[in-house]
Amino acid sequence: MDIFAEAFTLWGAPTSWLEIIAVLLALAMVLCNIREIHWGWPLAIVSSLLYFALFWKSKLYGDASLQIFFALIALWGWAQWLRGARAGSAPDDPSEIQNDQTVLVVQRLSPRGLRLSLLACALFWPATGLFLKTYTDTDVPWWDAFPTAFSLVGQWLLGRKYVEN
């Protein structure tokens, strides 16, 4: 079976078997993340590698490269969710203490953290767009760069269990 072969047409656009598999894995990963099940991270790795193939074939190099980043950061995120810790005040539950640090729990960014995250997005977008415009043959460098830049920041936030991801 050719995974790039059309499975069906959705709203006038052909949908491949690769897309169906990648979407199902990504949805399963999101459900795992919502429930804080660390097994979502391996699903993210496989889904990202499938999306890499799809985006590369479509000449969306920023999005394709982002998928490689997602696969790599998923390894880091998995480790964070298994053994990561956050320096800070003592939690209410003593079982959340590990080596004088609190185990990662879902929390919100501080106002400063939110400002830094938005600043990172504001810097990554034009930098990524300029790179794509200069070094690739994409015909949509700025549109490709926008989700790429914001996804970089969002993935880091997810790995550290911040709600704002």
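The model is a predicted one, in which local features need pLDDT of at least 70, side-chain atom pairs count only at pLDDT 80 or more, and totals for chains, interfaces and linings use all residues. Residues are numbered from 1 along each chain as its sequence is written, and side-chain values use heavy atoms, with hydrogens and water left out.

I begin with helix H5, residues 141–159. Helices here are DSSP runs of H or I with at least four residues, strands are runs of E with at least two, and both are numbered from the N terminus. H5 has 19 residues and spans 27 Å from its first C-alpha to its last, close to the expected 27 Å; the expected span is 1.5 Å times one less than the number of residues. Its buried residues include Pro141, Asp144, Ala145, Thr148 and Ala149. Buried means under 20% relative accessible area, exposed means over 50%, and partly exposed lies in between, for a 1.4 Å probe and protein chains only. The cover over the buried residues of H5 includes helices H1 (17–34), H2 (40–57), H3 (61–83) and H4 (111–135). After H5 comes Lys161, with a positive phi near 65°.

Let me turn to the pairing of H4 with H5. Two packed helices are described by the angle between their axes and the distance between the axes. For H4 and H5, the angle is about 140° and the axes are 8 Å apart. Axes are lines fitted to C-alpha atoms, for helices over the stretch in contact, and angles run from 0 to 180 degrees between N-to-C directions. H4 and H5 are therefore oblique to each other, given that angles under 35 degrees count as roughly parallel, over 145 as roughly antiparallel, 65 to 115 as roughly perpendicular and the rest as oblique. Residues of H4 that meet H5 include Phe124, Trp125 and Leu132, and among their counterparts in H5 are Trp142, Asp144 and Phe146; contact means heavy atoms within 4.5 Å. By class, this contact of H4 with H5 has 16 nonpolar, four polar and two charged residues. Ala, Val, Leu, Ile, Met, Phe, Trp, Tyr, Cys and Pro count as nonpolar, Asp, Glu, Lys and Arg as charged, and the others, Gly among them, as polar.

Where does Asp144 lie? Asp144 is in helix H5 and is buried, with a relative accessible area of 2%. Asp144 and Asp63 are 81 residues apart in sequence, yet 6.4 Å apart in space, C-alpha to C-alpha. Leaving aside residues up to four places away in sequence, Asp144 touches Leu60, Tyr61, Gly62, Asp63, Leu132 and Thr138.

With the exclusion of residues up to four places away in sequence, Gln67 touches Ser48, Tyr51, Phe52 and Phe55.

Finally, I come to backbone angles in two loops. Trp11 has a positive phi of about 50° although it is not a glycine. Trp11 sits in the loop between S1 and S2 and counts as exposed at 82% relative accessibility. Lys59, in the loop between H2 and H3, also has a positive phi, near 65°. Lys59 is partly exposed, with a relative accessible area of 45%.
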